[in-house]
Amino acid sequence: GRYVDEKFPLYDGEAPAGNVRRRFYEAGIEYGFALEASPRRTRRMTASLMNQRADFSAFPGESAAFLPGVDQLTLARIGAEYQDNDFIKQRRIQKLSRDEDFNMGFGIHPSVGYAPHWRALGSTGERLLPEISVRKGFSSLLGQFVILRANYRSAYVNGGNGARLASFDGQYFCRYFPRHTVAARLGLDHGWRLDPGGGLTLGEDTGLRGYRAGQFKGNRRLLFSAEDRIFFVEDLWKLIDAGGVVFFDAGYSWSAQEALRSSDLRSSVGIGLRLGATRSAGNDPVRIDLAHALNDNHLPSQWTISVQAGHSFGPN
């Protein structure tokens, strides 16, 4: 179950049309079972039934051009999962002082959801929601590995196809010195007929450090990040692991009507501090980043400081 009460932006076409209050309710149940018991691979089937409802009302102190009606659906979804097991053990990738296991095996996960337009269920429209994700890793004996992911999803609403999104994510890691890890990531998202309120944003909150959260928006997005993760000390005073990072980010988000040019890319450089509790179960670091935007970031200063949990990217 889930409940969300939030300020929700409205759009008239692609033009902002004010904000309203959105209350979102979700409740459901999922059941899964294994097709095979094997240490070499995972094969599963899942089925779920979910009911969702969104109510809209005026937000105090805000004006809106219109007020959306109730949006409700009852969604049935079936899915499958195939995953080969080919694990490697690495250290100083996402954690500060823990051994970590990463699966290099091939995996694929298709699913499809269907919500019929049945008034008896309170549904306000018919929807078909297909999705598929693919994952594969590659490793070498030199402490290097690559993880590649691709995902595609779409939404057929009342017979019309929209909200299509294809995504690619590639991550590279190399342990070239005992206390250094070189990490790089390239992400590309390509959307078609995305809802104006569901566009692809880019900024401090989505990996482009030095720029305000959600500063760039469109239905295409490109992001490249590179880091040298340096590990200073483990178990300091039997309490703290400490490390640092030097990083470079570059990316942009743009609309389908635009052609991306190299001059459009926004980039930043910076340094950061990583602190983790040695006695914690996860050993995930707190990251403190000082970034310098190399382009106009529409902020009083081109220097920004952010404090967040975990590294800016990494294998999941």
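1. Which strand holds I288? In this predicted model, I288 sits in β17. Its relative accessible area is 31%, so I288 is classed as partly exposed.

2. I288 is one of the residues in a nonpolar surface patch of about 980 Å².

3. The salt-bridge count for the model is 26. One of these pairs is E36 with R43, with an N to O distance of 3.1 Å. E36 is partly exposed at 25% relative accessible area, and R43 is also partly exposed, at 34%.

4. D169 takes part in two of the pairs described here, with R149 and with R185. In the pair with R149, the closest N and O atoms are 3.3 Å apart. That pair links strand β9 (residues 144-157), which holds R149, to strand β10 (residues 160-177), which holds D169, across 20 residues of sequence. Both side chains fall under the 20% cut-off for buried: R149 has a relative accessible area of 19% and D169 one of 11%.

5. For R185 and D169, the closest N and O atoms are 2.5 Å apart. R185 belongs to strand β11 (residues 180-192) and D169 to β10, so this contact ties together parts 16 residues apart in sequence. R185 is partly exposed, at 22%.

6. A separate point concerns shared partners: R209, E227, R229, D249, R274, R287 and D289 are joined by salt bridges into one network.

Key:
Residues numbered from 1 in each chain as written. Predicted model: local features only at pLDDT ≥ 70, side-chain atom pairs only at ≥ 80, totals over all residues. Heavy atoms only, no water. Patch = residues over 30% accessible without salt bridge, like charges linked within 9 Å, V, L, I, M, F, W, Y side chains within 5 Å. Areas by Shrake-Rupley, 256 points an atom, 1.4 Å probe, with all protein chains shown as cover. Salt bridge = Lys/Arg side-chain N within 4 Å of Asp/Glu carboxyl O. Helix = DSSP H or I, 4+ residues; strand = E, 2+ residues; numbered from the N terminus. Buried < 20%, exposed > 50% of the residue type's maximum accessible area, 1.4 Å probe, protein only.
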